[in-house]
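This briefing is for a reader new to the structure shown below. Short notes follow, grouped by topic.

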Amino acid sequence: MISLLLLCACTIGANAQLLYKISGKGLKAPSYIIGTHHLAKTSFVDSIPGVKDALASCAQVYGELPWDDMMNPDSIKYMQSAMMLPQGQKLSDVLSVEQYQKLNAYLKSLLQTDLTNPMLEAQMGQFTPTTINTQLSLISYLMKHQGDFNPNNTIDQYFQKEAKKEGKPVGGLETVAFQTQVLLRGNTMERQVELLMCFLDNAKFAEEMTEEMSKAFYAQDLKGIKEVMDVKLNTSCDETPEEEAASIDNRNADWLKKMPTIMAGNSTFFAVGAAHLPGEKGVLEGLQRLGYKVEGVK
């Protein structure tokens with residue numbers, strides 16, 4: 001049994017690609033799964049072999065979330081609330097003077113202004129440390145890749161839009177409330193502050209890791225993506241096992257419980273973050289352990 005699993009892992013890992021066919025175990029028609037990168041340019045879809053044929057062959061599309069649900073006014077309000085500190089609090093209340101100065105220094109280097117600017121303070125001064133961390137990572141990447149990323153036209157959206165054009169159902173493996181809880185509310189305020197300081201103290205490292213992740217994605221190299229994910233600083237800045245499980249492993253396990261029923265009902269094109277696909281606890285090996293045949297699409 002162990003040898004079989006190792007063979008399966010090697011078969012998957014040998015293929016530098018993002019799109020996989022799922023068949024067997026009584027499925028009436030194959031389903032497909034593709035790894036996406038939320039910062040990638042949508043035009044990259046044209047570089048992925050077989051993706052449009054796979055999409056056309058499926059009766060429905062599933063993402064991590066249905067995009068329409070995310071854009072629902074109630075969902076936007078809910079997510080915005082999760083991005084903000086409790087009413088009346090500001091970043092200057094949860095950061096020490098030294099920490100606040102460190103944040104301002106980074107903002108100054110990145111944007112040529114900081115939170116002493118009333119306009120920027122009004123925009124960012126009530127964000128949680130987690131939200132600030134995410135925003136800084138995004139801004140630093142986009143400034144080096146201007147024109148590559150359109151938040152209103154991501155790769156994940158592309159597949160859902162194409163499905164809707166054809167009148168196909170679109171579903172989600174998670175809810176907005178669940179993902180908001182995991183990604184925005186999963187850590188204590190103390191840990192949020194610690195991770196923000198980790199980003200500021202290791203900004204070059206964080207920026208390099210984001211670049212390497214994008215390079216691996218554009219090379220369609222899941223093994224490379226996993227290697228970037230596994231790079232550690234060997235400090236408290238690294239994800240704890242519990243944090244890693246919450247952000248990746250537990251979600252993968254939950255999806256693997258839902259996917260068989262979804263695929264049994266209709267052939268499905270799944271589009272989820274590429275970081276969820278590789279590795280022993282990844283979705284690809286998980287599907288194999290469930291008895292499906294998983295093969296790269298050439």
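**The cavity, the sheet, the helices and the disulfide**

S137, S140, Y141, K144, E207, T210 and E211 line the largest cavity. The model is a predicted one. The notes begin with this cavity, then turn to the sheet, a helix pair and a disulfide.

**Cavity**

- The structure has one cavity of 30 Å³ or more, and the space in the largest cavity comes to about 30 Å³.
- Two elements, α8 (129–144) and α12 (203–218), each give two or more residues to the lining of the largest cavity.
- The most is given by α8, which supplies four residues to that lining.
- By class, the lining of the largest cavity has three charged, three polar and one nonpolar residues.

**Sheet**

- Six strands form an open sheet with mixed pairing, in the order β4-β3-β5-β2-β1-β6.
- The edges are taken by β4 (170–172) and β6 (293–296); each has a single partner strand, so one side of each has no neighbour in the sheet.
- From one strand to the next, the twist averages 25°.
- In general, the strands of a sheet pair through backbone hydrogen bonds, in either a parallel or an antiparallel way.
- Strands β1 (residues 19–23) and β2 (residues 31–36) run antiparallel and are joined by four bridges.
- Within this pairing, I22 is opposite S31 in β2.

**Helix α14**

- Helix α14 (residues 241–265) packs on the sheet, where it touches β1, β2, β3 (60–63) and β5 (268–273).
- The direction of α14 makes about 160° with that of β5.
- Helix α14 also packs with helix α10 (residues 176–184), at an angle of about 140° and with the two axes 10 Å apart.
- On the α10 side of this contact are F178, Q179, V182 and L183, which meet A246, S247 and R251 in α14.
- The contact of α10 with α14 has four nonpolar residues, two polar and one charged.

**Disulfide**

- The count of disulfides is one, and this disulfide joins C198 to C237, with an S to S distance of 2.1 Å.
- C198 is in helix α11 (residues 189–201) and C237 is in the loop between α13 (222–229) and α14, so the pair ties together parts that are 39 residues apart in sequence.
- The disulfide of C198 and C237 is left-handed, because the torsion about its S-S bond is about -85°.

Definitions and conventions
Residues are numbered from 1 along each chain as its sequence is written. This is a predicted model: local features need pLDDT of at least 70, side-chain atom pairs count only at pLDDT 80 or more; totals for chains, interfaces and linings use all residues. Side-chain values use heavy atoms; hydrogens and water are left out. Two strands pair if DSSP finds at least two bridges between them. Axes are lines fitted to C-alpha atoms, for helices over the stretch in contact, and angles run from 0 to 180 degrees between N-to-C directions. Contact means heavy atoms within 4.5 Å. Ala, Val, Leu, Ile, Met, Phe, Trp, Tyr, Cys and Pro count as nonpolar, Asp, Glu, Lys and Arg as charged, and the others, Gly among them, as polar. On a 1 Å grid over the protein atoms alone, a cavity is a set of points where a 1.4 Å probe fits but cannot get out, and a pocket is an open set with protein on both sides within 12 Å along at least five of seven lines; lining residues have an atom within 4 Å of a point. Grid points are joined across faces, edges and corners, and a volume is the space filled by probe spheres set on the points. A disulfide is a pair of cysteine sulfur atoms within 2.5 Å.
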